[in-house]
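This briefing walks through one predicted chain by topic. Start with the model below, then read the points in order.

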Amino acid sequence: MTRLYIISGPNKGKSFPLDGNVVYLGRAPQNQIQIQDKSVSRKHLKITQRDGKYFFEDLNSRNGTFIDNKPIQPGQEIEIKEKTPVVVGSVVICLGGPAQWDLLFVDDSINLSNGLRETGVFRRPMTSPRNLDLIYKISNVLMRSLNINETMEKVLDYIFELLKRIDRGVIILVDSETGETVDVISRSSNRGEKTTRMYSRSIVEKAISERNAVIMSDTQTEKESDRSESMEIMRVRSVMCVPLISKSQIRGVLYVDSVNKPYGFRKEDLSLLSALSGPAAIAIENSLLYSKMEKLVEERTRKLQQTQEKLQESEARFKEIFDNMSNGVVVYRPVEDGRDFLVLDVNKAYQTFEQIPDKEQIIGTSILKNFPAAKKTGILEVLVRVLKTGTPERSSASLMEERKLLWQREYYIYRLPTNEIVTIFEDVTDKRRAEEEQKALQRQLFVSQKMESIGAFASGTAHNFRNILQAISGNTEYLEMIHGDEPEFKEMARSIYESVERGVDLINNLLHFSRKGGKYEFSDLDLADVVRSACSIVQKVFDRNIEIIMEVEERLMTRGNHSLLSQALLNLFDNAKDAMPSGGKLTVKACREGDQLLVSVTDTGIGIEQEVLGKIFDPFFTLKEVGKGTGLGLSTTHGIVEDHKGVVQVFSKPGEGTTFKIFLPALDLEKVIKPEFEKRIIHGNGQKVMIVDDELPALEALVSMTTQLGYNSIPYSNPTVALKEYLAVSPELVLMDRNMPGLDGISCIKKIVQMDHKARILIVSGYEESGPDGIGDHVKSLIKGYITKPCRIEELSIGMSKALKK
């Protein structure tokens with residue numbers, strides 16, 4: 001298979017198989033043979049095989065295709081023999097095998113192996129005055145051009161105009177430091193003929209190395225063995241080469257040759273070419289410098305544009321970050337060494353915080369004008385300190401108005417290299433309020449847990465204490481029934497009963513104080529009793545420096561719950577005590593006003609500001625120090641009064657004390673529902689009564705009382721045993737305690753009812769029937785009555801009688 005060899009250029013030494021009827025050659029990668037040389041067109045040459053022959057067709061290339069120094073016309077097929085050199089642009093190719101010759105192209109060349117005979121080297125020959133005048137004019141023209149390509153084109157124009165015998169001319173530019181070829185421009189005497197830009201490298205190198213002009217008058221006078229193959233190929237008969245020297249540096253050479261004219265160049269021609277080389281070198285030097293300057297300016301301009309673009313991008317990026325920060329940012333310029341600070345810029349977050357629609361309104365204004373709180377909050381002092389020291393600081397600032405937090409901010413302040421001050425702040429108002437609310441909730445939870453603990457303690461204590469009182473009261477009544485006729489014993493029994501009643505009152509007051517909810521039953525009650533009961537509690541608790549004055553009318557009947565009303569009053573008393581830390585007077589009045597009852601609580605304390613009065617009944621609002629108030633007392637009082645269909649009002653002035661007034665609906669005394677209370681004792685008729693109570697003193701007292709009433713009492717201190725023996729005993733009535741170990745009273749009741757749905761059960765317990773420790777409706781449906789310990793024998797006899805009748 002025939003191969004195509006690359007003789008010169010960047011692909012020198014490579015070969016390609018012609019394996020097809022049509023093969024394309026060019027610079028583009030789509031060609032079968034790609035030659036990466038700038039003189040070769042993207043699609044340069046078409047190679048066609050027919051009947052074992054190869055035909056070349058130029059595809060209208062820019063630099064043409066040459067055979068024997070003659071161009072192949074575009075669109076015309078030329079048969080090519082093997083080992084015939086073909087010039088494609090400035091690259092030599094050959095069919096069938098490489099050929100040897102001495103050619104120099106733009107990017108590749110072959111040194112002459114033979115010496116130069118009849119070759120003259122001249123030391124700047126003299127130039128005629130006529131030619132000097134012409135060269136002067138040419139120099140002026142050349143000096144006006146700063147474009148390197150335009151300058152070299154003009155130089156060739158003048159060379160061909162002055163030297164009529166030239167067939168080809170080439171200007172070769174070299175790097176003065178490396179000696180490498182940097183540019184080549186060529187011309188042919190026939191302007192319509194494309195040139196391959198060929199020249200003899202040996203002659204060029206000689207002119208460069210010796211820094212002198214070189215001429216070869218007639219190459220045919222050389223011996224055939226001494227003539228180089230390149231001379232034959234290029235058909236060179238005469239050649240001249242002059243170095244281009246500027247500022248003692250070789251910038252390149254002027255190379256010209258003649259094809260058909262032996263001895264075509266004379267010494268005068270060489271003199272003229274040499275004379276022209278001086279201004280040409282200077283013009284080329286200037287053009288190169290200008291070109292380098294242009295490139296330098298372009299590069300610097302490009303870098304400046306890139307820098308400006310990056311700066312614009314950075315500025316836009318900073319502005320986006322600046323305006324979209326959630327934190328407020330203000331940039332200040334100090335004035336008079338920090339006596340004042342002027343606003344330079346603010347971000348959108350700051351505008352939002354300060355409600356500034358247009359930031360231009362404050363740009364250039366004083367900090368004290370647009371941010372008056374700067375001095376009050378200490379921010380201005382921090383700005384001055386950061387300006388002087390240059391050390392960034394963090395600071396917290398808050399603004400209060402009438403004891404109300406308007407805002408709180410966390411600041412970070414630092415100084416720029418331009419001596420400007422930047423403040424970045426985070427508005428933590430909502431965060432602080434949330435923290436305060438959380439603390440309030442924690443306090444509420446703590447109080448709730450504490451009150452729950454107190455309630456549990458009070459409830460347990462009340463149960464146990466009532467059992468003790470039951471034992472005392474029951475046994476006393478039993479003894480009184482036996483020895484009631486003895487005066488001394490009767491007086492002793494009366495004293496015991498009074499002590500028991502005081503113990504009951506103490507228990508009830510304790511439970512009233514500890515209760516914070518639950519279901520309460522309303523009944524007709526005397527408000528005067530509630531007021532006296534509440535006052536008796538605080539008289540034992542308050543310091544002696546608080547004088548309690550009580551003015552209470554009699555028979556102040558209303559409908560309500562004793563425990564709730566007591567709690568409402570105790571809350572008002574507690575607030576009055578806190579308002580008088582150094583002592584004072586607490587005046588409590590209760591009276592009837594038309595169809596309403598009025599209770600007023602007045603202290604001589606510090607008073608309350610008018611702005612705060614509307615909030616004192618809000619849950620968790622307190623004026624007390626942290627840890628000393630929950631903010632629940634007055635809100636609880638307000639709720640209790642509303643539950644009783646009443647109204648609570650407050651009147652106060654700072655320094656003059658406070659008065660709370662509670663208005664409740666009054667009852668018509670004639671319509672008051674009197675509680676049933678029978679003074680007589682109802683005796684039994686030997687009915688079997690099972691008494692279940694784990695407290696032995698209380699159990700024994702109940703047994704004594706029921707036995708004295710005429711019942712057949714069967715005691716059990718263990719509810720489990722009582723449950724097992726219930727069916728065997730078959731009692732007509734069961735007196736059941738509630739709180740017992742192992743099996744509580746409620747569970748025991750449910751099991752008894754499961755065994756005997758007709759069972760009659762009466763609960764006798766230290767726990768109350770209603771309230772937090774009360775019983776539910778389901779349990780009420782299972783029993784025939786409920787008696788709270790301690791109970792007198794009259795109450796017990798009536799309760800048992802009613803239970804047996806149901």
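A nonpolar core is a set of buried Ala, Val, Leu, Ile, Met, Phe, Trp, Tyr and Cys residues joined through side-chain atoms within 4.5 Å. Buried means under 20% relative accessible area, exposed means over 50%, and partly exposed lies in between, with a 1.4 Å probe and protein chains only. The largest such core has 40 residues.

The model is predicted: local features need pLDDT of at least 70, side-chain atom pairs count only at pLDDT 80 or more, and totals for chains, interfaces and linings use all residues. Residues are numbered from 1 along each chain as its sequence is written, and side-chain values use heavy atoms, with hydrogens and water left out.

**Overall make-up**
- The chain has 20 helices and 34 strands. Helices (H or I, at least four residues) and strands (E, at least two) are DSSP runs, numbered from the N terminus.
- Of its 806 residues, 48% count as buried.
- Contact means heavy atoms within 4.5 Å. Among contacts in the chain with a separation of 6 or more, 62% are between residues 24 or more positions apart.

**The largest core**
- Leu 527, Val 531, Leu 569, Phe 573, Leu 586, Ile 616 and Ile 662 touch the most other members.
- Helix 12 gives the most to this core, with 8 residues.
- In soluble globular proteins, nonpolar side chains tend to be buried together.

- Two strands pair if DSSP finds at least two bridges between them. An open sheet of 5 strands runs in the order 24-26-27-29-28, with mixed pairing.
- Strand 24 (546-552) and strand 28 (647-653) are the edges; each has a single partner strand, so one side of each is left without a neighbour in the sheet.
- Neighbouring strands of this sheet are turned by 10° against each other on average, direction ignored. Axes are lines fitted to C-alpha atoms, for helices over the stretch in contact, and angles run from 0 to 180 degrees between N-to-C directions.
- Strand 24 pairs with strand 26 (residues 584-593) in the parallel sense over 7 bridges. Ile 549 stands opposite Thr 587 in strand 26.
- Helix 12 (residues 527-541) lies across strand 24, strand 26, strand 27 (596-603) and strand 29 (657-665), at about 170° to strand 24.
- Helix 13 (residues 562-579) lies across strand 24, strand 26, strand 27 and strand 29, at about 25° to strand 27.

- Strand 21 (residues 404-415) and strand 22 (residues 421-427) pair antiparallel over 7 bridges. Arg 415 has Ile 421 in strand 22 as its bridge partner.

- Strand 3 (residues 22-26) and strand 5 (residues 45-50) run antiparallel, joined by 4 bridges. Leu 25 stands opposite Leu 45 in strand 5.
- Strand 5 also joins strand 6 (residues 53-58), antiparallel, through 6 bridges. Ile 47 stands opposite Phe 56 in strand 6.
- The hairpin of strand 5 and strand 6 has 2 residues between the strands, and Asp 51 takes a positive phi near 55° there.

**Rings and charges**
- Rings of Phe, Tyr and Trp (its six-membered ring) pair if their centres lie within 6.5 Å; planes under 30 degrees apart count as stacked, over 60 as edge-to-face and the rest as tilted. The whole structure holds 7 aromatic pairs.
- Tyr 332 and Phe 341 form an edge-to-face pair, 6.5 Å centre to centre with 75° between the planes. Tyr 332 is buried at 3% relative accessibility, and Phe 341 is buried at 0%.
- Ring pairs link Tyr 350, Phe 353, Tyr 411 and Phe 425 into a cluster.
- A charge sits over a ring if NZ of Lys or CZ of Arg is within 6 Å of the ring centre and within 35 degrees of the ring normal. Lys 43 lies over the face of Tyr 24, at 4.3 Å from the ring centre. Arg 50 lies over the face of Phe 55, at 4.5 Å from the ring centre.
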